[in-house]
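Hi everyone, thanks for coming.

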Amino acid sequence: MSQADTVTDSGEIASVSGPVVTATGLEAQMNDVVYVGDEGLMGEVIEIEGDTTTIQVYEETSGISPGEPVENTGEPLTVDLGPGVLDTIYDGVQRPLDVLEDEMGAFLDRGVDAPGIDLEKSWDFSPTVSAGDVVEPGDVVGTVPETVSIEHKVLVPPTFEGGEVVEVNEGEHVVTEPVVVLDNGEEVTMHQEWPVRQARPSTEKFTPTEPLITGQRVQDGLFPIAKGGTAAIPGPFGSGKTVTQQQLAKWSDADIVVYIGCGERGNEMTEVIEDFPDLTDPKSGNPLMARTTLIANTSNMPVAARESCIYTGITIAEFYRDMGYDVALMADSTSRWAEAMREISSRLEEMPGEEGYPAYLAARLAQFYERAGRFETLSGTEGSVSVVGAVSPPGGDFSEPVTQNTLRIVKTFWALDADLAESRHFPSINWTESYSLYKDQLDPWFEENVSPDWPEERQWAVDVLDEEDELQEIVQLVGRDALPDDQQLTLEVARYLREAFLQQDAFHDVDTFSPPEKTFRILTAIHTYSEEAFAALEAGAPVEEITSIDAAPRLNRIATQEDYEEYVDELEEEITEQLQALY
């Protein structure tokens, strides 16, 4: 929303308290966008009491003072939607950072604004309707080649009534020009605006039945997330939240990626901004940014803008969902978002909840995650929004309010462990604390597309890892050598599960992505070793000889093999031969 928006009313500043400004004499409604002070700082109405209007300002408020004007636009905070959203880096209120940098350099002035998409750029519109066709809200009327990877579908806005097409304008147009005109006078353009706090409508919400393939073995193999599902990645500082989310953004099989850096450290966001434009999409060979939107809101930016960036991102995700695409949204991190709500709440002098967070924390988190899902769109196609939210609990304390309220909402929980990270086990997802509630509804897909034995192999791995966890307590007391032979062998099998299956090198050209078929073959190779090893043990072979065969260490090298199928076939034969030779 630019400052060119019509001003409907004006008042004046009464008081300033950080990002919270009160104004008097302003006729406004909740969530109206206003411009505060002589510099026109962008803000949003969050409370109205009598003649006093409370505003959260999305920019630094130092220097503004009582008596300065406040102008109301009469419209809620909206985002600009249309071709040009992809391959763009925004701040928390959808100002394109590259455009602002061209205008004023690396340091942004206050009170500046720019449209979310280029309103003067021409796009080649190819209609999919013709005069006489009847269209309804949400229908596709044409396409635009937005990037080399994504075909942008021009939709009839959900707010339109629809009707018969009387005019179609094919060819080059700017986004504000009508490309389709209806008999009731409605003009469909390539540009839409949508209030960020309002979910875009759909026809129906389905139970998700297809996994979001991430290429990360511990996630796809043990704790999968569905397309249209929700997941949380909590963990202390240094445990790998950001790297894990970046891996998901790079490798998940979503059509569109929306990456939100919500209050993250500047160096982490800088890494994302520098790395993503250079990355190649493994599916198409095109730049990854061609199907990605970045929303960069660092910890030194105004706290109120941090609160809005989550809504900006989810609204963009819903827009591409309505075109029938599968969208993956990464929010890093929701803890910083909650801290912004806590700051605003304290400035409003609201009654605090647990640890100072507002009492409506759980409701706000639920409203955000509930906008994820697999939907039938208004046009009759299917699209999905999968949401993965990182949580940064202080000191890694999962009992704090943001983590606990998130756990009540999401269905996949990837718990990052500082001890695993310190021991250089990455991704440092703790397999005893993590879980996925999607496993049962996704198993039919894995059985059909990977192997009928997928659920059994996964359960076998979980059982071995659980048994190892119990045995480790005994080992710490009496030592490994004091255990019976079968338990020593269980620990050896579990070690290969941890090193060959659960560990994955994000920086290795081959191992950075593991397709489900490869994930399954690694698991079956370790299972083959386990079965043959226990058969040798029962036949009387010494456990020391069983664990020291030459072929076993090669299990750790499966992950780095491009031609893994032939490698695994040969390895399983060697393991079987060497172990059977012991008895």
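This is a predicted model: local features need pLDDT of at least 70, side-chain atom pairs count only at pLDDT 80 or more; totals for chains, interfaces and linings use all residues.

Let me begin with how I name things: helices (H or I, at least four residues) and strands (E, at least two) are DSSP runs, numbered from the N terminus. With that, proline 427 has its place in the loop between α9 (418-422) and β26 (435-436).

Residues are numbered from 1 along each chain as its sequence is written, and side-chain values use heavy atoms, leaving out hydrogens and water.

Staying in the loop between α9 and β26, we also find arginine 424 there. Its phi is near 60 degrees, a positive value in a residue other than glycine. Is arginine 424 buried or exposed? At 60% relative accessibility, arginine 424 counts as exposed; the cut-offs are under 20% relative accessible area for buried, over 50% for exposed and partly exposed in between, with a 1.4 Å probe and protein chains only.

Asparagine 31 has a positive phi too, near 70 degrees. You'll see asparagine 31 in the loop between β2 (20-24) and β3 (32-36), and at 27% relative accessibility it counts as partly exposed.

There is another cis peptide bond to look at, from aspartate 332 to serine 333, with omega near 0 degrees. Serine 333 sits in the loop between β22 (326-332) and α6 (334-347). Why point these spots out? Because most residues other than glycine have a negative phi, and most peptide bonds are trans.

Now to a sheet. Four strands make an open, antiparallel one in the order β10-β13-β15-β16, where pairing takes at least two DSSP bridges between two strands. β10 (134-135) and β16 (187-189) are at the edges with a single partner strand each, so one side of each has no neighbour in the sheet. Between β10 and β13 (residues 163-168) there are two bridges, and valine 134 stands opposite glutamate 164 in β13.

Finally, zooming out: the protein chain has 15 helices and 26 strands. Of its 583 residues, 56% count as buried. Its C-alpha atoms fill a box of roughly 90 × 60 × 40 Å along the principal axes.
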